[in-house]
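Subject: Structure for you, with notes

Hello,

Here is the structure I promised to pass on. Please open it alongside this message, and then read the notes below.

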Amino acid sequence: LAGSQLGEKGVPAEEVGGKAGSMLVSNLESGGCVDEYLQDQLILFMALAKGRSTVRTGPVTLHTETAVHIVQIMTGVEFDVKPVDENTGTVEISCEGIGFQRKVRDINRLR
């Protein structure tokens with residue numbers, strides 16, 4: 001979870017810090033364990049993992065919706081997005097991963 005804000009010329013550091021702090025508080029109040037910038041990045045790893053994966057996050061972003069759609073097409077994994085708290089927008093995203101394992105080639109055979 002994080003909060004960030006870019007500073008601008010002429011804008012006091014206190015104002016920039018206040019906006020970053022407000023973003024962090026908003027993320028903490030959502031009740032999730034990841035923020036809007038991480039949730040979409042976890043989708044592919046959840047699908048590739050072995051077993052059930054679940055992540056609790058704040059409101060689902062369009063990036064996450066897109067990631068779920070594309071990863072479902074790529075892997076055949078179905079995701080469940082269940083509301084946890086309608087007041088905060090907290091949801092749980094879960095799936096049963098495919099247990100992907102990279103095949104290791106025998107280097108000696110290539111010689």
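What follows is a short account of what was found, topic by topic.

**Confidence**

Please keep in mind that this is a predicted model. The mean pLDDT of the protein is 88. Of its residues, 95% reach 70 or more. Among the elements, helix α3 (residues 62–75) has the highest mean pLDDT, at 97. Helix α1 (residues 13–29) has the lowest, at 79. Where pLDDT is low, the predicted coordinates should not be read in detail.

**The sheet**

There are 3 strands in an open sheet. Their order is β1-β3-β2, and the pairing is antiparallel. β1 (50–57) and β2 (79–85) are the edge strands. Each has a single partner strand, so one side of each is left without a neighbour in the sheet. From one strand to the next, the twist averages 20°.

β2 pairs with β3 (residues 90–98) over 6 bridges, in the antiparallel sense. Two of the facing pairs can be named. Aspartate 85 stands opposite threonine 90 in β3. Aspartate 80 has serine 94 in β3 as its bridge partner. β2 and β3 form a hairpin, with 4 residues between them. Glycine 89 sits in the turn and has a positive phi of about 80°.

Helix α2 (residues 39–48) lies across β1, β2 and β3. The helix runs at about 30° to β3.

**Salt bridges**

How many salt bridges does a search of the whole structure find? The search finds 4. Three of them are described here, starting with the two that involve arginine 52.

Aspartate 80 and arginine 52 meet through their side chains, at 3.2 Å from N to O. Aspartate 80 lies in strand β2 and arginine 52 in strand β1, so this pair ties together parts that are 28 residues apart in sequence. Aspartate 80 is partly exposed, with a relative accessible area of 32%. Arginine 52 is also partly exposed, at 47% relative accessibility.

Glutamate 96 lies in strand β3 and arginine 52 in strand β1, so the pair ties together parts that are 44 residues apart in sequence. Glutamate 96 is partly exposed, with a relative accessible area of 46%.

Next comes the pair of glutamate 92 and arginine 56. Their side chains meet in a salt bridge at 2.9 Å, N to O. Glutamate 92 lies in strand β3 and arginine 56 in strand β1, so the pair ties together parts that are 36 residues apart in sequence. Glutamate 92 counts as partly exposed, at 29% relative accessibility. Arginine 56 is partly exposed too, with a relative accessible area of 33%.

**Cysteines**

How many disulfides does the structure hold? The count is 0. The cut-off used for a disulfide is a pair of cysteine sulfur atoms within 2.5 Å. Cysteine 95 is buried, with a relative accessible area of 1%.

**Serine 53**

The cut-off for buried is under 20% relative accessible area. Leaving out residues up to four places away in sequence, serine 53 touches Met46, Ile93, Ser94 and Cys95. One of these, Cys95, is the buried cysteine described above. Another, Ser94, is the bridge partner of aspartate 80.

**Where to look**

For a quick tour, begin with the sheet and its order, β1-β3-β2. Then turn to helix α2, which lies across the three strands β1, β2 and β3.

Best wishes

Conventions
Residues numbered from 1 in each chain as written. Heavy atoms only, no water. Pairing = 2+ DSSP bridges. Helix = DSSP H or I, 4+ residues; strand = E, 2+ residues; numbered from the N terminus. Axes fitted to C-alpha atoms, helices over the stretch in contact; angles between N-to-C directions. Contact = heavy atoms within 4.5 Å. pLDDT = per-residue confidence, 0-100. Buried < 20%, exposed > 50% of the residue type's maximum accessible area, 1.4 Å probe, protein only.
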